[in-house]
Amino acid sequence: MDAYEKLEKVGEGTYGKVYKAIEKNTGKIVALKKTRLPEDEEGVPPTTLREVSILRMLSIDPHVVRLLDLKQGQNKEGKTILYLVFEYMDTDLKKYIKSFRANHSLIPSKIVKTLMYQLCKGIAFCHGHGVLHRDLKPHNLLMDRKTMMLKIADLGLSRAFTVPMKKYTHEILTLWYRAPEVLLGATHYSTPVDIWSVGCIFAELVTTQPLFAGDSELQQLLHIFRLLGTPNEQVWPGLSKLPNWHEYPQWTPKNLSTAVPTLDTNGLDLLSKMLQYEPAKRISAKKAMEHPYFDELNKAYL
Amino acid sequence: MAANFWTSSHYKQLLDPEQVDVVNPIDKEKGLTPEEFKLIKIHMTNHIWRVAQQVKVRQRVIATAVTYFRRVYTRKSMTEYDPRLVAPTCLYLASKAEESTVQARLLVFYIKKMCPDEKYRFEIKDILEMEMKLLEALDYYLVVFHPYRALLQLLQDANMTDLTHISWGLVNDTYKTDLILIYPPHMIALACIYIASVLKDKETTAWFEELRVDMNVVKNISMEILNFYESRIEAFKGIPEAYKSMTEEKINAALNKLAMK
């Protein structure tokens with residue numbers, strides 16, 4: 001690990017610290033993700049192996065954070081440490097949104113659009129390679145303020161999926177961006193769970209406020225129902241068979257524009273397609289990229 | 001692990017036939033012959049299989065482990081990477097990558113139970129150390145595709161599900177060769193179907209034509225599989241017991257050349 005010099009700690013990931021560092025030979029700034037191997041007798045955690053092998057496969061897309069290198073090292077106690085060397089990005093979407101919210105200003109709609117397009121493109125790439133992210137949130141979307149480049153990071157919870165879908169552990173997503181089928185205990189979920197998260201992030205980019213900020217699974221569902229109406233078998237066939245489904249207060253759907261008043265008609269249409277209750281009806285990332293909302297973008301540069 | 005083979009690191013890592021089955025210079029210096037090299041790989045494939053049976057993992061975990069094992073020795077020497085330790089560690093790594101983790105202490109326990117030979121026995125720390133070395137040797141590429149799923153789909157499509165049993169067994173046996181490092185999994189599946197159909201006197205020409213795959217490749221793979229069987233029968237001479245003790249002797253002699261542990 002002598003090849004890099006740590007500059008500062010920039011974050012704490014799910015299972016290790018992240019440092020800004022400099023590659024001594026080249027002067028290149030990188031992000032070092034330090035994965036300390038646990039004390040128990042089970043070697044490299046499967047989550048780390050999964051992230052590494054998925055990144056090895058996906059880290060060729062411009063909208064997936066680039067894994068530059070992997071290094072093994074040792075800490076002072078002689079324990080083995082795995083370093084994941086990533087390209088350095090100066091901010092993430094969470095910080096970016098916060099900077100606008102703090103000023104009581106909105107992110108220019110053109111910027112929202114270019115960020116959303118890159119997000120859809122990156123997700124389409126992951127889904128096309130058989131990988132679900134499962135934990136999309138602004139904090140996991142890295143950004144370069146100068147170029148407005150967006151990259152998807154933290155694929156630690158993602159896993160490759162095979163068809164037919166099997167049961168995944170469902171205690172995974174941050175509540176605010178969690179799809180209703182996951183909240184309702186569905187065990188067979190797929191790519192639409194990521195699209196729901198993308199929809200929530202879309203609304204948050206427009207208003208700088210989280211769309212559904214629940215602090216428990218029930219609260220989260222009620223937040224969703226209050227805006228989109230309490231779902232029923234007509235809008236979502238099979239709903240009543242989901243494990244956590246029971247009787248909920250009845251709300252009628254509100255107009256989406258009440259939640260995102262500054263979003264234009266095309267944007268509202270795309271958002272509504274991302275927030276469909278029935279997972280199969282939710283727009284795919286690939287289809288989303290072709291939506292008229294993005295027509296005015298110069299996609300060649302993204 | 002992932003759904004799309006063509007975009008995977010496995011696809012990009014396929015090797016030319018000339019790149020596999022090459023004895024590493026360090027091993028060569030110790031006198032290891034290509035035949036012995038091949039024999040050790042077959043023997044250790046069986047070892048992985050037997051250990052896997054004890055710890056009860058799915059077929060694809062075994063297949064992934066064997067693929068790692070064979071990939072390692074296209075890059076590393078057996079002198080430096082003791083196959084008797086690499087084999088169980090590959091199984092350990094594969095169980096994690098395929099999301100059905102087997103605890104290292106279980107592996108250690110069963111190997112001790114199975115193997116009277118002290119040279120096959122290792123401690124947990126040996127496996128954990130080797131795990132890190134293998135990750136580097138494999139360059140952290142862990143996603144591997146196998147012929148099994150393609151096989152079932154193709155048999156369904158060809159309306160030949162009665163060949164499932166025999167062709168599945170053929171696929172299993174392909175892991176005693178380096179085919180998985182050279183050819184796309186669905187081509188290996190097709191070769192196994194081809195052999196099975198010939199053995200069972202099934203007419204498949206029309207179906208293969210419709211698939212528009214390169215039949216030369218299918219036939220090359222088939223030839224390799226048949227060669228593998230033939231070489232075993234050759235050594236066999238119809239006397240299973242004699243063959244068994246003879247190969248064991250040969251394997252021990254080969255491993256002793258490498259003088260490890």
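In this predicted model, 15 residues of domain 1 of chain B are in contact with seven residues of domain 2 of chain B. Contact here means that the C-beta atoms of two residues, placed from the backbone, lie within 7 Å. On the side of domain 1 of chain B that touches domain 2 of chain B, helix 3 (34-55) and helix 4 (59-72) of chain B each supply at least two residues. Helix 4 of chain B gives the most to this side, with seven residues. Sorted by class, the side of domain 1 of chain B that touches domain 2 of chain B has seven nonpolar residues, along with four polar and four charged ones.

To place these two parts in the chain, look at the domain assignment of chain B, which gives residues 14-143 as domain 1 and residues 147-236 as domain 2. Between the C-alpha centres of domain 1 and domain 2 of chain B there are 25 Å.

Now turn to a pair of helices in chain B. Helix 5 of chain B covers residues 83-97, and helix 6 of chain B covers residues 104-114. The two pack at an angle of about 145°, and their axes are 10 Å apart. The crossing of helix 5 and helix 6 of chain B is right-handed.

Which residues of helix 5 of chain B meet helix 6 of chain B? From helix 5 of chain B they are P88(B), L91(B) and Y92(B), and they meet A104(B), L107(B) and I111(B) in helix 6 of chain B. By class, this contact of helix 5 with helix 6 of chain B has six nonpolar residues, with no polar and no charged ones.

Key
Residues numbered from 1 in each chain as written. Chains lettered and ligands numbered in written order. Predicted model: local features only at pLDDT ≥ 70, side-chain atom pairs only at ≥ 80, totals over all residues. Domains from an automatic or database assignment. Helix = DSSP H or I, 4+ residues; strand = E, 2+ residues; numbered from the N terminus. Nonpolar A, V, L, I, M, F, W, Y, C, P; charged D, E, K, R; others polar. Axes fitted to C-alpha atoms, helices over the stretch in contact; angles between N-to-C directions. Left-handed = near helix turned anticlockwise from the far one by under 90°.
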